[in-house]
Amino acid sequence: MRTKFTAFILCLICFYKPSELLAQQAWFKLDTLTGVSVGGVKMTNPWGGGLNASQFLKMHLNNDADEDLVVYDRTNSKVTTFLAGPDPLNPGKKTFIHAPYYETLFPQVDNWMILADYNGDGLKDLFASTSLGILVYQQVKTGNVWSWKKVRDVLYTKGFSGNINMQVSGTDIPAITDVDDDGDLDLLTFDFTGTYIELHQNLSMEKFGVRDSLGTQASPVFQRNGDCWGNFHKGDAEDFVVGVNCEVVTDPSARTAAPTHILHAGNSIMLHDLNGDGTKDLLAGHISNDHISFLPNSAKGIIANFTGYTNTYPAIDPITLHIFPAGFYEDVDFDGVKDLLIAPSLPASDANMTDFKSSGWYYHNEGTSDKPVFKLVRKNFLQDQMIDVGENAVPSFFDIDGDGDLDMLVGTGGNPVSGGFKGSLWYLKNNGTATEPNFSLESQDYLELLSKLSVYNIKPQWADFNGDGVADLGFAATASSSLKLEYRYIPNKGANGAAVQLNLAEAVTIALPSELQIGDSPYFYDADEDGDLDLLIGKTQGNIYYYTNTGTNKQYTFKLETDAFAGVDINFAGRFSQVAVADFDLDGKPDLATVDHTGTIRVFNNADWGKWTDRASAIISVNGKAGDMYLGNYLSLAVADLNGDKKPDVAIGTNAGGLRLLTNILPVSVTGVEPGNAGEVKVFPNPSVDFFKVYASKAGTFDVLTAGGVRMLGNRGIRANETQQISTAQWPAGLYLVEFKTGNSRVVRKVVVGD
């Protein structure tokens, strides 16, 4: 069925060889400046990407006097960096400003990381989790430039049965600190039973008189001291058993036998004097506990003695998370006194009971660093200054209010609410313009999905699902009742260019192919240009399914064309792929963008549909050069021209519930001016019915493509001053592009075909 196509698009003119230009060119740069407000107050870091299970650390990222903030998120193995500096919203005060460049300097690590200066050069070094235990990166600085140098793939310790690699469970967070105040860094970790703390004493000062040794396998500087440490062990539930003789000694070589314990769980350790008596006290988190435990220490030095505990800490507004709280101690309000930060130490939401939208507890310290008085300030530290929907944010863009600019709709993975774990749609209205967006949060439950549906992992997409010429709102979601992937679209009763009119009660269900599963990501696109929407599926296994719709927009019937579209087959590294289609390089052909578990965005381009040979991945500007940037895992993406330059920009949704905004910076001009050496090119009549004609004053070739980049006619020769007639009787109505090439020049003309 033909419909009139009224959209307008400017001609595209380029004078470059795409493969040569794009091989060395960054496609996108990170946007940290586009404004987002909540309740009339502008966010400081709206595009920070969200946070879930944060580990709060500090180091100098730039060269000013203030230490900056590094946050490692356990759920996506992602570092987010913030510079300390003047608060742009509060003159005279300081705050932390998202600075994504520094994230690219950090190595990829899993589970946990700790920043501590092991060699006394004033630069914090990086200790991180590895399957073998602990690896170490030394911070190296040349002038004002710093970098990481891996100095140990694993640390070794002298155990009870010889020299072994120092094991730390991936579920734990150890403490790397100077326990005995001799200048070198010791290590405390729960043993693999999860019951006792092990002390691995650093004997660098005792052996060499310097603190910069990490030892080797043959000659470790760490040595296990005692059966346990602190004269206690973990009990059942949230209790501890004190009065245990750990047999820690001044000379650790005295011990030769190891105890036997029970199964390991998960623990976090934070060691600091928290009551002003000069001894190092313990804040311990456990994977089965929703409170954090405070154990006061009654002994100084290497032989600690914990004689009691409380699970009500602090006494006022005590810590209560769903599960596994971990403590961090850093000055985050610039008063020179360390504050208490708490976050869940989880790789994922446990039983969907963790509210990752509010998972960073910040206690301001009104006392001193060694005798603190904690006051709870907020439970969403940093999260309140960025878009953070909880987890698994999925963006989409459309002019929802009909004012001529693009608004944003964000699907959420879900949050624990009344009635269970449910997802919703966040609506961010664009109060700016089509060239300078400025968003404000209007609703966290657009269309009231929370009360009207019981679904989660909502993935919205705007497309003309019913073929009436107006974009509708579609969304995939997992049904709580059936635990199956479902797809619905809500018909838009508004006119093109007007505010949308959506009624959830009128939602239509599209039957997805039976082989789809939870975690798959549907994306609708009319790939064969037959007037109805076909289907791409980013699979949990990493491959991409491509289905053509052999039915209509009224009755979808999907035919599987390939289970490895564009050559993307099953692969573990690229699991949980998601896709979007747009002409990113502006060559008149549709390209494919993907994100997946590798944490990077890729663009497939420079060929006809599905035959792409170029797969660009180092396409984000990093300090002025094209490079890779790790964006996290379980990513999503949406494409839109957010600044009116006719180039597709990208929003990346993250597992941490936030967004990253990428602006297209390819040096491709979008203009209606014809190049002087292409000669005269005419396409007429325009609009046309059944046929149009092409005239060229110079010899060359021309292609005819749909507005979506699908080729209808390819590489057709035309002589100088010749006119050719093109039959369109069987073509769908719409906008088409006639691309004429002669020598190194190219010009594109538009023509509308329809009744």
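A nonpolar core is taken here as a set of buried Ala, Val, Leu, Ile, Met, Phe, Trp, Tyr and Cys residues joined through side-chain atoms within 4.5 Å. In the predicted model, the largest such core has 40 residues. Those with the most contacts inside this core are Leu536, Phe565, Leu592, Ile601, Trp609 and Ile652. At least two core residues each come from strands S1 (28-31), S37 (521-525), S39 (544-549), S41 (578-582), S42 (591-595), S43 (601-605), S45 (620-622) and S48 (649-653). Of these, S41 gives the most, with four residues. Leucine 592 touches Leu536, Ile544, Phe565, Ala566, Val579, Ala580, Val581, Phe584, Arg602, Val603, Phe604 and Trp612, residues up to four places away in sequence not being counted. Another core, of 34 residues, lies apart from the largest one and includes Ala116, Phe127, Val136 and Phe222. In soluble globular proteins, nonpolar side chains tend to be buried together.

Strand S55 (residues 734-742) is mostly covered, with eight of its nine residues buried. S55 pairs in the antiparallel sense with strand S52 (residues 700-706) over six bridges, and valine 738 in S55 stands opposite valine 704. S55 is also joined to strand S56 (residues 745-753), again antiparallel, by nine bridges. Threonine 742 has serine 745 of S56 as its bridge partner. Two residues lie between the strands in the hairpin of S55 and S56, where glycine 743 adopts a positive phi near 60°.

The structure holds 17 salt bridges. In one of them, lysine 94 is paired with aspartate 66, with 2.7 Å between the closest N and O atoms. This pair links distant parts of the chain, 28 residues apart: lysine 94 belongs to strand S7 (residues 94-98), whereas aspartate 66 is in the loop between strands S4 (54-59) and S5 (68-73). Lysine 94 counts as partly exposed because its relative accessibility is 43%, between the limits of 20% and 50%. A salt bridge also joins the side chains of lysine 150 and aspartate 153, at 3.2 Å from N to O; with a relative accessibility of 44%, lysine 150 is partly exposed. Glutamate 448 and lysine 452 form a salt bridge with an N to O distance of 3.2 Å, and glutamate 448 is partly exposed at 41% relative accessibility. Beyond these pairs, a network of salt bridges links Lys78, Glu103 and Arg660.

Several backbone features occur in loops. Phenylalanine 684 and proline 685 are joined by a cis peptide bond with omega of about -15°, and a cis peptide bond with omega of about 5° joins asparagine 686 and proline 687. Proline 685 is located in the loop between strands S50 (681-684) and S51 (691-696), and proline 687 is likewise found between S50 and S51.

Positive phi values are also present at two aspartates. Aspartate 181 has a phi of about 55° although it is not a glycine. This residue is in the loop between strands S14 (175-177) and S15 (186-190). Aspartate 181 is exposed, since its relative accessible area is 56%, over the 50% limit. Aspartate 317, another residue other than glycine, has a positive phi near 55° and is found in the loop between strands S22 (293-295) and S23 (325-330). At 41% relative accessibility, aspartate 317 is partly exposed.

Terms used: Residues numbered from 1 in each chain as written. Predicted model: local features only at pLDDT ≥ 70, side-chain atom pairs only at ≥ 80, totals over all residues. Heavy atoms only, no water. Buried < 20%, exposed > 50% of the residue type's maximum accessible area, 1.4 Å probe, protein only. Pairing = 2+ DSSP bridges. Salt bridge = Lys/Arg side-chain N within 4 Å of Asp/Glu carboxyl O. Contact = heavy atoms within 4.5 Å.
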